[in-house]
Amino acid sequence: MQRRFSFLGPSGTNTEEAARYLFREESDAFLPCRTIPDCMEAAVDGKVTHAVVPWENSLEGSVNLTLDWMIHKVNLPILAEVILPISHQLVSARRPERIDYKEVTKVMSHPQGIAQCHNFLRDYLPHAEIEYTSSTAESARIVSEHPNEPWLGICPMQAVYSYPVDLMEANIEDSSEHNFTCFVVVSNNPLELPESDMHKTTILVTLPSDFPGALHQVLAAFSWRRLNLSRIESRPTKTGLGNYHFVIDIDHKMDDILMPGAFAEMEALGCQIRVLGTYPVYLKAETSK
Ligand SMILES: O=C(O)C(=O)C[C@]1(C(=O)O)C=C[C@@H](O)C=C1
């Protein structure tokens with residue numbers, strides 16, 4: 001089967017970089033989508049074989065839309081994770097003279113991009129209105145199409161090359177050293193990938209109601225087996241206040257010898273468990289600059 005990948009578009013996003021880092025296919029194998037749900041629905045509808053979506057950022061935490069869509073709307077297992085260093089570039093439309101910060105009325109980017117550049121925006125553009133766009137590259141696209149407006153975008157370096165924009169300030173993120181985003185590949189189709197020495201299993205645990213200390217016992221099932229957990233996140237079940245699922249990342253493969261015991265222990269407590277994926281993790285060391 002010919003592989004095809006949806007990603008959060010338009011061209012030039014971090015998600016595209018993650019997809020192209022992992023999959024070295026020709027350009028027409030990549031399908032830009034307007035939203036994260038659109039990416040996943042493209043995989044459900046068979047328009048692509050796999051979807052690549054943002055999953056978690058080291059400064060801003062989980063991408064809730066991805067999590068919630070996977071929990072409530074689609075049943076697409078995670079097949080791989082790619083970790084990318086993230087940096088953000090401030091761009092203006094191409095114009096004969098450099099725009100002065102004082103003249104800027106609006107700064108646009110994806111909410112994660114805005115949040116990750118909070119210090120810069122506070123220091124240099126406190127007066128500018130913030131407008132959220134569906135992705136970082138979308139802000140570069142909009143800015144480039146409005147050359148007479150005093151607007152700026154925050155986008156990846158790849159978008160600086162993809163659209164007719166000028167780079168005003170490079171790497172404006174609050175912390176370049178610690179800014180990483182994980183992206184996941186989700187699909188019901190199999191995926192052949194290179195070996196990796198890092199693996200994770202992500203599970204969704206629903207605790208039994210009215211069981212004091214249930215979460216403590218779930219964590220204990222892992223801790224006494226020395227199974228390392230790298231994330232625990234609660235998301236509303238959307239059935240009423242105070243009802244939560246827990247998303248737990250375990251730094252082990254599902255077939256690790258100690259895993260069945262931990263799962264049996266959680267089931268004995270009355271927990272519902274859904275495995276969202278057991279998958280290799282890849283790290284791209286350098287950001288595209
Ligand atoms: O807008 C993009 O470039 C994306 O790929 C999305 C996204 C995200 O949702 O976290 C990915 C990485 C950055 O953290 C900012 C935005």
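In this predicted model, Ile142 contacts Met108, Thr133 and Gly153, leaving aside its neighbours within four places in sequence. Ile142 belongs to helix α6, which covers residues 136-145. It counts as partly exposed because 18 C-beta neighbours lie inside 10 Å, whereas a buried residue requires 20 or more. Ala93 and Ile142 are 49 residues apart along the chain, yet their C-alpha atoms are separated by 8.9 Å.

Helix α2 spans residues 36-44. Its buried residues are Ile36, Cys39, Met40, Ala42 and Ala43. These residues lie on the same side of α2, because they cover an arc of only 150 degrees around the axis. The partners of this buried set include both strands and a helix. The strands are β1 (5-8), β2 (30-33), β3 (50-57) and β11 (180-186). The helix is α3 (64-72). Gly46 follows α2 and has a positive phi, near 80 degrees.

The chain as a whole contains nine helices and 15 strands. Its radius of gyration is 21 Å, close to the 19 Å given by the globule rule for 289 residues, so the chain is as compact as a globular protein of that length. The C-alpha trace spans about 70 × 45 × 35 Å along its principal axes. Of the 289 residues, 40% count as buried. Contacts between residues at least 6 apart in sequence were also examined. Of these, 75% join residues at least 24 apart.

Technical notes: Residues numbered from 1 in each chain as written. Predicted model: local features only at pLDDT ≥ 70, side-chain atom pairs only at ≥ 80, totals over all residues. Helix = DSSP H or I, 4+ residues; strand = E, 2+ residues; numbered from the N terminus. Buried ≥ 20, exposed ≤ 12 C-beta atoms within 10 Å, placed from the backbone. Contact = placed C-beta atoms within 7 Å. Rg over C-alpha atoms; globule rule 2.2 N^0.38 Å. Arc of directions from axis to C-beta.
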